[in-house]
Amino acid sequence: MREENRLNYHKLKKSYNPRKFKFKTTKDLEPYEGIIGQERAEKALEFGLNVKNPKYNIYICGIKGTGKTSYCISKIKENARKQKKKFDWCYVNNFKEHHRPKSIKLPAGMGKVFREDMEFFVTDLITEVPKTFISEEYQKRKNDILKKYQDEKNDLLDYLIEYSKQLGFEIKNVSTGLIFLPIKDGEKISDDEYENLDEDEKEEYEKNAEVIQLKALEVLRKIKILEKEAKKKLYDFQKMTAHFIVKPSIEAFIDKYKDFNKVVEYIKQVEEDVIENVSEFQLIAEEEIPISNNIKEFAPRYYVNLIVDNDEVEGVPVVVETNPTFSNLIGLIEYESENSSLRTDFTMIKSGAIHRANGGYLILDALELLRNHHSWAAIKRALYNREIKIESLKHQLGITDLATLNPESIPIDIKIILIGNPYVYNLLYQYDEDFHKLFKIKVDFDSIMKNTYENQYKIASFINIFCERESLKHFTKEGVFRVLEYSNRLAGGQNKLSTRFNMITEILIEADAWANYEGNRLVTDRHVKKAMVEKKSRNNRVEDRMDELYKDGKIIIDVKGLQIGKINGLSILNTGDYVFARPMVITVSSYAGTKGIINIEREVELSGNIHDKGVMILEGYINEKFCKDRLLNITSKICFEQSYTGVDGDSASSTELYGILSSIGNIPIKQYIAVTGSVNQKGEIQPVGRITEKIEGFYNICKHLGLTGLQGVIIPSQNVEDLVLDDEIIEAVRNRQFNIYSISTIEEGMEILTDKSFREISSSIENKLEEYSQLLNKEESSN
């Protein structure tokens, strides 16, 4: 029955015509450098890179292995090289508020020049200042100020001494101050002599002593004023001298950077600070502190902390940050231990990836970014505020009271590119309201492409460049065809090719290894086939163990006889790195009743929602087909035998329906034909996934238990173009040892499974339903 539904072996995989390809080996081809089969993604990326709006950041979406990361990085760098606007960024000391360092923006390359100019300026001062301050002219003017002070001081002291002598006292200067000794007739009076004086003389001496003390205080006060005036004159002279030393360099400095207001402002502050602290330069010279090229070591207050240097960057910067932690993105402030405590200053500010990518592009892994949720918040804050502020995460969270800096924020002009899978994209789009506001461009990389001659040729050219880059042997034309077949298999169809080039390159490398093993100078289709077989052999341990269970009869299955209410479905098993299929025995028991179709898997909570839906559809089909004018008076129980895990999906719904119809109508069905396919309430067969693996799974079991020439699989007609079967199965179909049928309706499937016309099948089912109805009516009447 239904011979027209049997598939010819030519339809079981894509055949490639050698005459279409004008090369003998891939060495004859021109290498292809671009991305293959991603036209939509290419256009979206180009558009996203050209839109300058700050909220048009990009999300690169696609599964691993499509080449999205390497292609996007290459394309972004190519785009970046065409742009010229880039800058250096520095942090410098804020002489008024040391805890708030100032940021300076300079054209690329000038940051390094500015730092070198500052280093030269400071080292030059260290040389010139001591030289000037030990010069004869400076020392003479300094000594003149000191001499004048000393002379005026001596005049005041001489006056005090003479004044004291007139009142009968001699002044003596000791470590504790001035003491006054009484004299008489020019000679000192001893203590004994003083005691022998009469009371009037003693009283006069005491009065004179009080007068002298007051006069001494007045003189000392005048000396103190003179001393202050002298220090002020020395300080002013020192500042004036420093000003003359610094001014020429400062003027040249300002003239060089006159177009940069913040630099000019900073240079003026440096001038003021140098003049105020010129003595420090003398100290460096006097103490012979070694002077290196880095002023950070001996004069850190004037150091230019160049946190972003784009001098050698071609175009605008492109930064790929593989570990997007909070500090790696926004920078950090380091600390060092000093006297058992921690200290920091502006020289310890370190840039983050956002600083380095400022003016260009920052590329991040979306999943890694979300694993650091503080980083994701920092990225959004930077994009909204259009500035980046370096701060400690501990301070932001309020878990430390350690003193820190508050550096000036840096404005940013940046485009951020996130690279991730579709799941992360959907997660962000659904649950983060900021995401779609800030990442408006989705670059969607597909895992499949059309199987056109152009794409076939591109894959052959890709093999050429991969072989050259990895020093592999080149592939023959037949070897390329076998790679294309493998690509069909990965894509899940004859009219599709896979864009998961990481998986294709694995086969290329392994096929080359087998060619080396055999000593061939070219990789042929035999080597590619060997690589595919060996790759499967490394990963299919679970499949082999399950095959043994079928062969040993531990899993019960019949692939040769006829049975009622029993049928072989096909299920997919995924071990992570390997996917295979195995037949599942589905049994149905039907009897008179009113409960309709009962899904045993659902009753014990082993059924998923989609499977439950599929079972409910079956009852709709039966009612539509057989019970339009009467109630469905049956109870049918469906069970996946020897299934101890969950069941989901609707790909077995047609299989279950065949079992139900067989059970109700008491019609034997072929156990040697397995079935897959979804069905709707109208009895139309719908396509399912993994059709190739399902056919191969049933074929392998039949081969282990003995091929009869009758065995086969029924598949949806829409899945025919998805077949990419192994050569062994194709050969078996060609020799009529195995059969594949494609159908569009339940009626066609039942006729293949029973060798009866559907009119006969319907008649049997209707008679049985009538019998059940009468039985139930009779029972109700008796009650």
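**Exercise 1.** How many helices and strands does the secondary structure of the protein come to?

*Solution.* The model is predicted, so local features need pLDDT of at least 70 and side-chain atom pairs count only at pLDDT 80 or more, while totals for chains, interfaces and linings use all residues. Residues are numbered from 1 along each chain as its sequence is written, and side-chain values use heavy atoms, leaving out hydrogens and water. Helices (H or I, at least four residues) and strands (E, at least two) are DSSP runs, numbered from the N terminus. The protein has 27 helices and 30 strands.

**Exercise 2.** Determine whether the protein is as compact as the globule rule gives.

*Solution.* Step one: the radius of gyration is taken over C-alpha atoms, and the globule rule is 2.2 Å times the number of residues to the power 0.38. Step two: for 783 residues the rule gives 28 Å, whereas the radius of gyration is 47 Å, well over that value, so the protein is more spread out than a compact globule. Step three: the C-alpha trace spans about 160 × 80 × 45 Å along its principal axes.

**Exercise 3.** Describe the nonpolar cores of the protein.

*Solution.* Step one: a nonpolar core is a set of buried Ala, Val, Leu, Ile, Met, Phe, Trp, Tyr and Cys residues joined through side-chain atoms within 4.5 Å. Buried means under 20% relative accessible area, exposed over 50%, and partly exposed in between (1.4 Å probe, protein chains only). Step two: the largest core has 72 residues, and Phe114 and Leu362 have the most contacts inside it. Helix 3 (residues 110-133) gives the most to this core, with seven residues. Apart from it lies another core, of 41 residues, including Phe640 and Tyr672. Step three: with contact meaning heavy atoms within 4.5 Å, Leu362 touches Val319, Ile379 and Ile416, among others, not counting residues up to four places away in sequence.
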